[in-house]
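Here's a quick briefing on a structure for you to explore. Have a look at it first, then work through the points below.

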Amino acid sequence: MTSLSSASVSPPKVAWWKRLPVVHQLRQSVGLQRGMLIAGLIIVGVFLLVAAFAPWLAPYGYSQLKDADGNFGAQQPPGGDHILGTTVGGYDVLSRVIWGAQTALLVIVVAVVLSIFLGIALGVISGYIGGWLDRVLVVIADAVYAFPSLLLAIVAAIIISGGQSNLWSGIFSAAVSITVVFIPQYFRVIRAETVRIKSEAYVESAKVVGTSSVRIMSRHVLRNATRSLPLIFTLNASEAIFTLAALGFLGFGIEPTSAAEWGYDLNKSLSDVTSGIWWTSVFPGSAIVLVVLGMTLVGESLNDLADPRLRTRKRASGTPAPAAETTVVPGGSIESAADIAHLEGRP
Amino acid sequence: MTTTAPAAASASDAPHTPPSAGGASSSSKGKKAPNALGRYIIVRFLLIIPTVFILVSMVFLLMRVIGDPITAALGGRLTADQLAERIHQAGYDRPVFVQYFEYLGQVFTGNFGNSITDGRPIVEILATYGPATFELAFYALTVALVVGIPLGMLAAYFRDRWPDAFLRIIAILWYATPVFFAGLLLKLVFSVWLGWLPVAGRASTRVELNLSSMENGTGIYLLDAIRIGNSAAVVDVLQHAVLPGIALGLLTAGVFLRLVRTNVIGTLSMDYIDAARSRGVSEFRLVRHHAFKPALIPIITVIGLQIAVLLGGAVLTETTFEWKGLGFQLTQYLTARDFVAVQGIVALLAVIVALTNFVVDIIAALIDPRVRY
């Protein structure tokens, strides 16, 4: 994204850092959309910091049951040594919430990286080469896509870990289960883009010059087909958290002695709720909500900014805002939505 | 085969513009319009077969990768000899592809085998617990549509003003809350703290006994209670349905809210809306009548996609509320490591999803002729 060749940049030169994906959208946004984007970025930032510095932030270890004063005790109400209380298993709630951020981040990173690589590679190849390979892959991807993703993740989790696991195999099996669900989504988006780009004039000219298929796919098609990825990334990162938590909630997650995982804690708190013990469920659950909220706010704002019909524009007509590279409208700012429909030639 | 592509593309991301390829081909077949729909239905129906086939094969092969189901379920409890005997009896020591073709043949005749832990036929399990899941999904879909569509239109009407901002944040919050956490919170507030609604289950013990012992009952408690004509039972069943229905329904309501908002705003920028506006049609009427109907088609398509989400969510909601349906049962079998039962339930859910998607696509084609190809 950042390494656009200088030829493709329009004359008013913009500093390189202002063209970075998120920075660019931040500068482009106004009003409510800007507020949502900033709020989302702050929440995601805090999540990343907590995940990175968990060992220093958490008062106790994630599987610690006692300290110098003896056992923590089960289901202690918030206050005193344990600000957020202790769980039914005798763990410190605050520590498990903080350590849980680290587990969640690891799973997101592994899952999204794996599915982006596999999904994009399959999508570009399938869309560009076409023929029977394309048809088979599309039918399979559609079948998998129509499948309830949680059930698919459960099946994957059973296969990979047989149901129970330590830290790395747990993280890896959760991540792969999520990847299986995501590949068809990336595949479909990238394939559709590839099929469209394939018939563009610049791909034709590259073929005429005698460029190899691999080079066309990697340089011409891939670069242009991946514009919508930051958006899918944020949406899938939040889905990764859901899937991880859901697997944990159903008892197919990571063992409490290997890592802290919010879904597992919620599962164990199920019986607490009936007896009015709220702190074991409310805090890990809120952690999930906050992280997903942050990522969704960022994703939603990026989506709206990329869609010219939904983007709120600066009202001031003094300096026209630079158009997004994702915009279909050539140049400057346009005030009314009707103008855009006209420019795009859409019905 | 290629016909899946445009349908897939139009279903995936809230289609603002109908696929142009579909429009072009349907206009070329425009002369024989009555046949076109019939042909579309047949082609679309035939497409279910490869989908279901792929899903059933995938589940079977994946589940067999980890070894035979008998060792998984009874591994620690029997001696090696007893295990080998049981495995031989069930035929799990034969080559995988022999088992695979046998399984396909059984599935074709509607036989999914018996569960390992309690020896019940999978078909019987599905018939017993399926209606409960269907009932829950129905409540949830009702909540989602009743809440999501009007709020989405409201958000579009107040576009970029504070009610819109408020509604969008609500929708994102609904989306960001996992169903099981939403369920826990609802339980905590309305059942434990306020004591207004029951904590768990599908009905009180007495009503449940009454309903489950009923002759030729549907298994859908609300219907059965109405058929008995016992108003206290109807109230009891509905009271138990409120919290699970809301927990699962709000998840989807947020999706509908955002979808309706985006699509109504999208259609509001079209020429015919400008024309109507210049004729002096009120802004509210524009949203309610002119822009809403075209926005309905993506909603119908998304309902189809949401069925998969609802069934996945039902597994979690049922576990949270001890709602004895397929999802609750699935969790029980998962914990018992009874993978034959898991395989049967998962395969059935896959077939249901494929069938609902078919019905939804047909409805979308009936409403909008451009969808056909």
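Let's start inside chain B: B:Arg120 and B:Glu124 form a salt bridge, with their closest N and O atoms 3.4 Å apart. A salt bridge here is a side-chain nitrogen of Lys or Arg within 4 Å of a carboxyl oxygen of Asp or Glu. One thing to keep in mind is that this is a predicted model, where local features need pLDDT of at least 70 and side-chain atom pairs count only at pLDDT 80 or more, while totals for chains, interfaces and linings use all residues. Residues are numbered from 1 along each chain as its sequence is written, chains are lettered from A and ligands numbered from 1 in the order in which they are written, and side-chain values use heavy atoms, with hydrogens and water left out.

**Salt bridges**

- Why can such pairs form? Side chains of opposite charge can pair when their charged atoms come close.
- How many salt bridges are there over all chains? The count comes to three.
- (Buried means under 20% relative accessible area, exposed over 50%, and partly exposed in between, using a 1.4 Å probe and protein chains only.)
- B:Arg261 and B:Asp164 also meet through their side chains in a salt bridge, at 2.8 Å from N to O. This pair links distant parts of the chain, since B:Arg261 sits in helix 12 (residues 231-268) of chain B and B:Asp164 in helix 8 (residues 162-176) of chain B, 97 residues apart. Both B:Arg261 and B:Asp164 are buried.
- Over in chain A, A:Asp265 pairs with A:Arg96 in a salt bridge whose closest N and O atoms are 3.0 Å apart. Here too distant parts of the chain are linked: A:Asp265 is in helix 11 of chain A and A:Arg96 in helix 4 (residues 93-129) of chain A, 169 residues apart.
- Are those two buried or exposed? A:Asp265 is buried, at 8% relative accessible area, and A:Arg96 counts as buried at 1%.

**Chain B as a whole**

- Chain B has 16 helices and zero strands. Helices (H or I, at least four residues) and strands (E, at least two) are DSSP runs, numbered from the N terminus.
- Of its 373 residues, 49% count as buried.
- Take the contacts in chain B (heavy atoms within 4.5 Å) between residues at least 6 apart in sequence: 72% of them join residues at least 24 apart.

**Where the chains meet**

- Chain A gives 62 residues to the contact and chain B gives 63.
- About 5,400 Å² is buried between chain A and chain B, and carbon and sulfur atoms give 77% of that. Buried area is the accessible area (1.4 Å probe) that two parts lose on being put together, summed over both.
- How many salt bridges run between chain A and chain B? The count is zero.
- Which helix gives the largest share of the side of chain A that touches chain B? Helix 12 of chain A does, with twelve residues.
- That side of chain A divides into 40 nonpolar, eleven polar and eleven charged residues. Ala, Val, Leu, Ile, Met, Phe, Trp, Tyr, Cys and Pro count as nonpolar, Asp, Glu, Lys and Arg as charged, and the others, Gly among them, as polar.
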